[in-house]
Amino acid sequence: MEHGYELLKACTNFFADFIIFSLLALYLCRLHLSPYRFKKDPVVKKSLKVFVKTYGCQMNERDSEMILSQLQCTGYELTDNEKIADVVILNTCSVREQAEIKALGKSGYLARKKRTNPNFKIGIVGCMAENLGEKLFKLNGAIDFVVGPKRLHELANVIEGNGPNLCIGDPEVRCPTHGFGRKLGKNQCSAFLSIMQGCNMRCSYCIVPKTRGIEQYRPMQDIVEEAKFLAENGIREITLLGQIVNNYGGRLMPMVDGKTPFVQLLEHLNALPWIERIRYMSPHPKNFSDDLILAHKNLPKLCPSVHLPIQSGSDRILAAMKRPYTREKILEIVEKLRSAVPDVGISTDIIVGYPGETEEDFEETVSLFDAVKFNMAFIFKYSPRAGTKSADLIDNVGDGEKERRNQILLQRVQETSSYYHRKFLGKTVEVLIEGHAKRGEDTMFGWTSNHCKVLVKASENNIGRIVPIRIDGFATTILSGTLVDSY
Ligand code: SF4
């Protein structure tokens with residue numbers, strides 16, 4: 001009996017040890033195998049501190065994240081204090097001239113630091129690097145390296161070299177996968193996920209196809225793996241990024257059951273545990289297919305919020321801009337979206353004062369605004385960009401007139417935005433709390449699924465959680481509310 005008991009005890013211990021050992025091995029294996037694992041702090045071989053300043057769009061923000069991960073992996077120390085940095089990298093934007101002037105001004109300011117620290121390095125990366133290339137060394141002789149967006153994976157090597165070092169154009173092997181470890185912030189619960197690079201369109205005013213090249217899609221499985229990694233590390237909301245995000249897969253990936261590759265990807269991501277919200281940015285009206293509208297209805301994690309850049313409400317101007325859709329198409333998309341998801345938030349981008357835009361053309365845009373009632377709009381006054389087709393046209397709408405048109409649309413959108421926000425008064429909405437708001441220690445901010453920003457008094461414990469908030473105040477672009485009692 002006693003023998004039998006000892007044997008049973010020994011067996012039990014053996015199996016318990018075996019299970020613990022297996023779980024440990026599995027965990028270590030997973031850590032090692034994930035391509036997105038947090039890299040352990042490497043030995044700081046250079047003791048150089050790097051600071052990255054980002055200009056422009058979300059694609060640039062994601063690129064900057066990738067730059068930081070890459071440099072950390074190769075032994076640099078990261079700092080968020082520009083003053084103590086040994087290397088300052090400006091990740092630039094070329095969409096508007098003003099953005100380039102700003103970045104160039106900043107590089108001029110930084111040049112002064114070279115007088116006291118000759119080893120200090122200045123780098124220009126991103127779209128402006130690709131657009132201006134070698135010219136940048138002439139504009140500011142203190143710049144050490146210039147790296148285009150298609151060559152960012154070579155950045156660590158470029159920094160090592162003795163400047164000036166130029167690295168633009170197509171690399172021998174393109175690296176669209178952002179294959180460096182991800183670096184997430186403390187308490188971060190929302191993250192960008194790049195699914196493609198480049199753009200095949202040729203909108204007449206846009207420099208992006210020149211700076212970022214043609215479309216390159218990441219493999220679907222690779223994106224899903226990265227999303228899993230993000231989910232396992234506290235991310236609850238992902239925003240898929242691409243220049244034309246709904247053209248993901250193009251003609252290179254097959255339709256499956258009548259669904260585009262983009263919708264197939266959304267379905268895979270919707271099935272992942274821990275991911276609670278999925279957004280995407282920015283779609284093109286041309287590719288806004290019915291299966292995507294249906295996905296908004298059927299996929300519970302796909303947020304009821306769409307940023308649909310229309311640029312103009314005049315078919316004549318759209319044709320001149322080489323935007324292959326009409327105002328009718330916009331109205332049709334909006335109608336279908338609203339009947340599939342009634343509370344969907346719709347925002348847009350508009351350019352006013354495009355060459356040749358008449359008062360009648362502009363009125364068409366105003367009437368489209370009135371018909372759609374966007375809850376947010378980013379309105380830009382046209383300015384020519386060297387290297388684009390429209391730069392050859394006469395910029396014949398004066399600055400004053402552009403400003404007048406800008407103000408008219410701004411007022412329209414303020415009215416529709418206020419109307420949209422007012423509808424939430426007295427309602428309880430689910431808000432993903434992201435962090436501290438600027439106003440006061442105990443005030444947090446977060447977002448509803450239809451992308452309204454909400455302020456609320458709450459404790460830090462709520463960061464990263466989706467909580468119910470009763471809305472009791474609103475302004476044009478923001479809501480405020482109170483945590484419901486149970487929280
Ligand atoms: S779709 Fe047009 S505006 Fe958008 S990135 Fe491509 S070329 Fe530029």
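Predicted model: local features only at pLDDT ≥ 70, side-chain atom pairs only at ≥ 80, totals over all residues.
Which residue takes a positive phi in the hairpin of β15 and β16?

**Entry 1: the hairpin**

Gly 440 has the positive phi, near 90°. Six residues lie between the two strands there. I then looked up how the strands pair. Strand β15 covers residues 428–436, and five bridges join it to β16 (residues 443–448) in the antiparallel sense. One pair I noted is Val 431, whose bridge partner in β16 is Thr 448. β15 also pairs with β18 (residues 466–474), again antiparallel and over five bridges. Here Leu 432 stands opposite Ile 466. I wrote down a reminder: in a regular strand, side chains alternate between the two faces of the sheet.

**Entry 2: the whole chain**

I stepped back for an overview. The protein chain has 15 helices and 19 strands. It has 487 residues, of which 40% count as buried. I also looked up the contacts between residues at least 6 apart in sequence; 71% of these join residues at least 24 apart.

**Entry 3: Phe 51**

Thr 79 is 28 residues away from Phe 51 in sequence, but their C-alpha atoms are 5.5 Å apart. Beyond its neighbours within four places in sequence, Phe 51 is in contact with residues including Thr 79, Asp 80, Ala 85 and Val 88.

**Entry 4: the sheet of β7, β10 and β11**

Next I looked up an open sheet of three strands. Its order is β7-β10-β11, and the pairing is parallel. β7 (190–194) and β11 are the edge strands, each pairing on one side only. On average, neighbouring strands are turned by 25° against each other, direction ignored. β10 (residues 237–241) and β11 share five bridges in the parallel sense. Across this pair, Leu 241 stands opposite Met 281 of β11.

Two helices that pack on this sheet went into the notebook. Helix α2 (residues 58–73) touches β7, β10 and β11, and its direction makes about 95° with that of β7. Helix α9 touches β7 and β10, and its direction makes about 165° with that of β7.

**Entry 5: helix α10**

How many of the ten residues of α10 are buried? I found seven, so this helix, residues 261–270, is largely enclosed by the rest of the structure. The buried ones are Pro 261, Phe 262, Val 263, Gln 264, Leu 265, Leu 266 and Leu 269. They pack against α9 (220–232), β11 (277–281) and α11 (290–298). Both α9 and β11 were already in my notes from the previous entry.

**Entry 6: around the ligand**

I listed the residues around the ligand. They are Cys 199, Met 201, Cys 203, Cys 206, Val 208, Pro 209, Gln 243, Ile 244 and His 284. By class, this shell has seven nonpolar residues, two polar and no charged.

**Entry 7: the sheet of β12, β13 and β14**

I found another open sheet of three strands, with the order β12-β13-β14 and parallel pairing. β12 (305–307) and β14 (376–381) stand at the edges with a single partner strand each, so one side of each has no neighbour in the sheet. Three bridges join β12 to β13 (residues 345–352). His 307 stands opposite Ser 347 in β13.

**Entry 8: two packed helices**

My last entry is a pair of helices. Such a pair is described by the angle between the axes and the distance between them. For α14 (residues 359–372) and α15 (residues 399–422), the angle is about 10° and the axes are 10 Å apart. That makes α14 roughly parallel to α15. Which residues make the contact? On α14 they are Phe 362, Val 366 and Phe 369, and on α15 they are Arg 405, Ile 408, Leu 409 and Arg 412. By class, I noted five nonpolar, no polar and two charged residues in this contact.

Note on methods. Residues numbered from 1 in each chain as written. Buried ≥ 20, exposed ≤ 12 C-beta atoms within 10 Å, placed from the backbone. Helix = DSSP H or I, 4+ residues; strand = E, 2+ residues; numbered from the N terminus. Contact = placed C-beta atoms within 7 Å. Near = placed C-beta within 6 Å. Nonpolar A, V, L, I, M, F, W, Y, C, P; charged D, E, K, R; others polar. Pairing = 2+ DSSP bridges. Axes fitted to C-alpha atoms, helices over the stretch in contact; angles between N-to-C directions. Parallel < 35°, antiparallel > 145°, perpendicular 65-115°, else oblique.
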